[in-house]
Amino acid sequence: MRITFCCTDTAPEPWLAGLRAALPEANISLWEPGAPQADYAVVWAPPQQFFDEQTQLRALFNIGAGVDALLKMRLPAGAQVIRLDDAGMSVQMAEYVCHAVIRHFREFAGYEADMANGKWSFRKPHSRLDYPVGVLGLGVLGERVARAVAQFDFPVNGWSRTPKDVPGVQCFAGPAQLDAFLQASRMLVCLLPLTTETRDILNRDSLSRLQPGGYVINVARGAHLVDEDLLALLDSGHLAGATLDVFRVEPLPRSHPFWNHPKISLTPHTSARTLRTESIAQIAFKIGALQRGESVLGCVDAARGY
Ligand code: NAP
Ligand code: GLV
């Protein structure tokens with residue numbers, strides 16, 4: 001069995017060493033043009049030449065959860081695309097979103113500014129019943145996030161394509177229930193995959209339906225959000241703020257108005273990082289299962305887009 005590794009912006013040696021330790025029977029190498037045909041590939045943002053040459057792949061392991069960029073490429077017919085299925089990401093996403101929700105709800109940014117100015121003063125406590133949190137996407141990450149936020153006694157709503165039943169979460173599904181979901185939510189978390197259906201979903205119309213004083217947390221993909229619509233609703237006061245981890249162009253260009261907006265908190269696409277040890281263990285386990293003819297979790301449906 002031959003495995004090829006082609007991950008842009010990733011130091012290959014620790015990955016190759018980890019994969020070789022986990023799969024000692026496999027021939028594992030860093031891809032280079034003209035390399036022999038492999039059975040499996042471990043990829044992140046490979047060049048198109050990689051797929052044009054590696055035509056015999058049985059499966060591609062994407063070392064991330066989102067496959068939007070991969071699905072835009074010409075992929076070898078017959079190669080199953082497999083995304084990371086949690087692999088240590090959901091707990092990071094839960095930490096990130098709970099932090100953003102609580103930081104806004106408890107006004108910690110205001111307290112930090114006050115204390116930095118030598119000011120000892122209290123703000124009126126809010127009722128969490130007035131801060132319902134809506135999670136767009138109830139998949140591997142969204143469900144974990146929704147459950148984590150519910151642990152802090154916030155009312156939690158969730159929206160997915162197909163109906164779900166998540167304890168502690170009021171579940172909505174499909175386009176017909178999107179408005180009801182938005183109207184029931186004040187803080188909105190985006191954890192959708194980027195597809196033709198979900199691109200630009202955070203726009204003036206949808207964000208206007210959030211309860212007044214709404215707050216947006218985008219941790220999915222930058223192209224879910226229409227940047228100028230967010231800015232307009234922040235400036236009008238309908239939205240109180242936003243925490244953004246992902247952007248249409250990354251790194252976020254220095255001239256972008258998000259950088260200096262007083263109501264926007266930014267992080268550099270770091271809400272849930274790929275963890276090498278967990279990812280290698282998952283990929284090795286799945287290759288073993290595929291070799292035995294078994295099915296695996298995390299198979300992407302290219303027609304659906306995730
Ligand atoms: P997932 O398991 O595939 O879950 C996707 C969820 O979105 C599912 O609940 C799905 O509904 C729902 N969905 C998809 N299309 C929809 C539509 N048209 N209408 C309503 N709901 C729809 O994905 P995941 O692992 O949770 O990851 C979600 C995304 O997070 C990834 O695609 C990636 O872009 C992003 N991400 C970001 C970071 C970061 O560091 N910022 C890290 C990891 C992932 P069904 O359940 O009905 O199928
Ligand atoms: C990161 O954004 C991922 O999709 O894993």
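Me: Strands here are DSSP runs of E with at least two residues, helices are runs of H or I with at least four, and both are numbered from the N terminus. In this predicted model, where is P251 found?

Reply: P251 is in the loop between strand 11 (239–244) and strand 12 (264–266).

Me: What makes the bond between E250 and P251 worth a remark?

Reply: The peptide bond that joins E250 and P251 is cis, with omega at about -5°. Most peptide bonds are trans.

Me: How many helices and strands does the protein have?

Reply: The count is nine helices and twelve strands.

Me: How do you know what the radius of gyration says about the protein?

Reply: The 306 residues are set against the rule for a compact globule, which gives a radius near 19 Å; the protein has 21 Å, and this agrees. Its C-alpha trace spans about 65 × 45 × 30 Å along the principal axes. Of the contacts with a separation of 6 or more, 59% are between residues 24 or more positions apart.

Me: How much of the protein counts as buried?

Reply: The share is 49% of the 306 residues, where buried means a relative accessible area under 20%. The accessible surface is about 14,800 Å², and carbon and sulfur atoms account for 54% of that surface.

Me: Where do the charged side chains lie as two sets?

Reply: There are 29 positive and 31 negative side chains, and the centres of these two sets are 3 Å apart.

Me: What makes a group of residues a nonpolar core?

Reply: The residues must be buried, belong to the listed nonpolar types, and be joined through side-chain atoms within 4.5 Å. The largest such core in the protein has 32 residues, and those with the most contacts inside it are V97, V133, V149, V189, I217 and V219. At least two residues each come from helix 3 (89–105), strand 6 (133–136), helix 5 (140–150), strand 9 (187–190) and strand 10 (214–218). Helix 3 gives the most to this core, with nine residues.

Me: Which residues does V149 touch, beyond those up to four places away in sequence?

Reply: V149 touches V97, C98, V133, F154 and V156. Apart from this core there is a second, separate one of 27 residues, which includes F181, A220, L252 and F258.

Me: Why is L70 called buried?

Reply: The relative accessible area of L70 is 4%, and the limit for buried is under 20%, so L70 counts as buried. L70 is in the loop between strand 4 (59–62) and strand 5 (80–82). Beyond its neighbours within four places in sequence, L70 is in contact with V43, P46, F51, N62, L75 and V81.

Me: Why is R209 called partly exposed?

Reply: The relative accessibility of R209 is 28%. Partly exposed lies between the buried limit, under 20%, and the exposed limit, over 50%, so R209 is partly exposed. R209 sits in the loop between helix 7 (204–208) and strand 10. With residues up to four places away left out, R209 touches D179, L182 and Q183. Q183 is 26 residues from R209 in sequence, and their C-alpha atoms are 5.4 Å apart.

Me: Why is D165 called exposed?

Reply: At 76% relative accessible area, D165 is set against a limit of over 50%, so D165 is exposed. D165 is in the loop between strand 7 (156–160) and strand 8 (170–173).

Me: What makes the backbone of A45 stand out?

Reply: Phi of A45 is near 45°, which is positive in a residue other than glycine. Most residues other than glycine have a negative phi. A45 is in the loop between strand 3 (40–44) and helix 2 (48–53). Its relative accessibility is 47%, so A45 counts as partly exposed.

Me: What is phi of D153, and why is D153 called exposed?

Reply: D153 is not a glycine, yet its phi is positive, at about 70°. The relative accessible area of D153 is 57%, against a limit of over 50%, so D153 is exposed. D153 is found in the loop between helix 5 and strand 7.

Technical notes:
Residues numbered from 1 in each chain as written. Chains lettered and ligands numbered in written order. Predicted model: local features only at pLDDT ≥ 70, side-chain atom pairs only at ≥ 80, totals over all residues. Heavy atoms only, no water. Rg over C-alpha atoms; globule rule 2.2 N^0.38 Å. Buried < 20%, exposed > 50% of the residue type's maximum accessible area, 1.4 Å probe, protein only. Contact = heavy atoms within 4.5 Å. Areas by Shrake-Rupley, 256 points an atom, 1.4 Å probe, with all protein chains shown as cover. Lys, Arg positive; Asp, Glu negative; His and termini not counted. Charge placed at Lys NZ, Arg CZ, Asp CG, Glu CD.
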